[in-house]
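Trainee: I would like to learn how to read single features in a model like this one. Could we go through them one at a time?

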Amino acid sequence: MTSGFLALLRPTGPWRLGHHSGARDRVDRICHSDTLFAAVTSAMAQLGKLEDWLTAASSADVRMSSAFPFQGKTLYAPPPRSLWPPAPSARVRWRGATLVPLSVIADLLADKPLDETRWKIDGASECLIPQDRPGPGPNRVAFRSAAAVDRLTGNVQPHATACLEFSSGAGMWLAVSFPDDDARLRWEEPVKAAFRLLADTGIGGERSRGWGRFETPEFRSGKFPDLLVPAPETDAEPAWWLLSLFQPAEVENIDWTHGRYELLTRSGRVESQAGWGALKKTSRMVVEGSVLMSDFPPRGTAADVAPEGFAHPVLRSGLAFALPIAWKVAAS
């Protein structure tokens, strides 16, 4: 088992998590791990730890999951693609949920059937929520209006931007792990400090409008995978459930002919004094919820995606945050 912590972020306003299409009227429902890595990297620069942080990223001393919704005590995550959706139900359209409670995932891993009378789909958040939960799910997509004013002509260009608005008692959670005690002792407090700084500066887009901010984070320390789901039986066929984006390193012991996985193209713009707004190189990455077959944990890499001729490297993290699970396939 590896040690680490969970970070619970309680937003103080809307979040803008840019959609992979780049469309202003669309927004992601999760904060991908490469976005979190970029935000923490910016915070480390302000804390005077940038060079050491980039070295740690190259050696995988710190791994971060993507950030997913929580509501109350319920943590949601993308279910393993090998186990979702379960067998069709007359009451619940399981396929409509892209995020489900960790307790449901634990039941799936333990071969326990889901009680269709206990669950319903919250269409606004695409989460599987308890049937008896009052009120909405953890978040919903909303639109905020604004207007761009040309300083020379005075022309006004109104527009609307999609964002995530959060319900009371809801927010986003993420996991951070360290490969050994030395890495944990060196990086646990700096990473926590980075998130405390990001609480004031924000994560994602439209930060100049105050978006992406959150209360002082709550941290829960422990061991993985037990912080999230039970460890698999030792004699099970090894598989790995991704909770981050993943870009394979040059050498990976993964059987790409098996498993269940999907790919996503990631792009974005550089935020640097050397060239603000320049387009990063695109990357094809394995998405969260994918299940990979390997005898060893997937490693991944932090690739340089700086534009040609840029003044310095720009890293996009594809380091894997993956939990061991037993290989099983849903009956659907």
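Predicted model: local features only at pLDDT ≥ 70, side-chain atom pairs only at ≥ 80, totals over all residues.

Trainee: What does the side chain of Ser294 reach?

Mentor: The side chain of Ser294 reaches the backbone oxygen of Asn253, at 2.5 Å. Setting aside neighbours within four places in sequence, Ser294 is in contact with Pro238, Trp240, Asn253 and Ile254.

Trainee: Where does Glu116 lie, and how is its accessibility to be read?

Mentor: Glu116 lies in the loop between H3 and strand S6 (119-122). With a relative accessible area of 28%, Glu116 is partly exposed. A polar contact of 2.4 Å joins its side chain to that of Ser89. Neighbours within four places in sequence aside, Glu116 is in contact with Ser89, Ala90, Arg91, Val92 and Trp94.

Trainee: How many Å separate the C-alpha atoms of Glu116 and Ile254?

Mentor: They are separated by 35 Å, and the two residues are 138 residues apart along the chain. Ile254 is also one of the contacts of Ser294.

Trainee: Next, aromatic pairs. How many are found in the whole structure?

Mentor: The search finds 10 aromatic pairs. To classify one, take the angle between the ring planes: over 60 degrees counts as edge-to-face. For Phe5 and Phe219 the planes are at 85° and the ring centres 5.4 Å apart, so this pair is edge-to-face. The pair links distant parts of the chain, with Phe5 in strand S1 (residues 2-9) and Phe219 in strand S11 (residues 218-224), 214 residues apart. Both Phe5 and Phe219 are buried.

Trainee: Which residues form a cluster with Phe5 through ring pairs?

Mentor: Ring pairs link Phe5 with Phe178 and Phe219.

Trainee: How does the pair of Trp53 and Trp187 read?

Mentor: Trp53 and Trp187 are edge-to-face, 5.6 Å centre to centre with 70° between the planes. This pair also links distant parts of the chain: Trp53 is in helix H2 (residues 50-58) and Trp187 in helix H4 (residues 181-201), 134 residues apart. Trp53 and Trp187 are buried.

Trainee: What is the general idea behind a nonpolar core?

Mentor: In soluble globular proteins, nonpolar side chains tend to be buried together. Here the largest nonpolar core has 38 residues, and those with the most contacts inside it are Trp84, Leu128, Trp173 and Trp241. Helix H3 (residues 102-109) gives the most to this core, with 5 residues. Not counting residues up to four places away in sequence, Leu128 touches several residues, among them Tyr76, Trp84, Trp94, Val104 and Trp119. A second, separate core has 36 residues, including Phe37, Ala57, Ala183 and Trp187.

Trainee: How is the length of helix H1 (residues 33-46) checked?

Mentor: Compare the expected span with the distance between the end C-alpha atoms. At 1.5 Å a residue, the 14 residues of H1 should span 20 Å, and the end C-alpha atoms are 20 Å apart, which agrees.

Trainee: Which residues in H1 are buried?

Mentor: Among them are Ser33, Phe37, Val40 and Met44. An α-helix has 3.6 residues a turn, so residues three or four places apart point the same way. H1 is followed by Gly48, whose phi is positive, near 75°.

Trainee: Which residues other than glycine have a positive phi?

Mentor: Glu126 is one of them, with phi near 60°. Glu126 lies in the loop between S6 and strand S7 (127-130), and is partly exposed at 26% relative accessible area. Glu206, not a glycine either, has a positive phi of about 60°. Glu206 lies in the loop between H4 and S11.

Trainee: Last, the cis peptide bonds. What is omega for the bond joining Trp84 and Pro85?

Mentor: Omega is about 0° for that cis bond, and Pro85 lies in the loop between strand S4 (74-77) and strand S5 (100-101). The peptide bond from Phe224 to Pro225 is cis as well, with omega near 10°. Pro225 is in the loop between S11 and strand S12 (238-242).

How values were computed: Residues numbered from 1 in each chain as written. Heavy atoms only, no water. Phe/Tyr/Trp six-rings, centres within 6.5 Å; stacked < 30°, edge-to-face > 60°. Helix = DSSP H or I, 4+ residues; strand = E, 2+ residues; numbered from the N terminus. Buried < 20%, exposed > 50% of the residue type's maximum accessible area, 1.4 Å probe, protein only. Core = buried A, V, L, I, M, F, W, Y, C linked by side-chain atoms within 4.5 Å. Contact = heavy atoms within 4.5 Å. Polar contact = N/O pair within 3.5 Å; in protein donor to acceptor, adjacent residues only side chain to side chain. Expected span 1.5 Å × (residues − 1).
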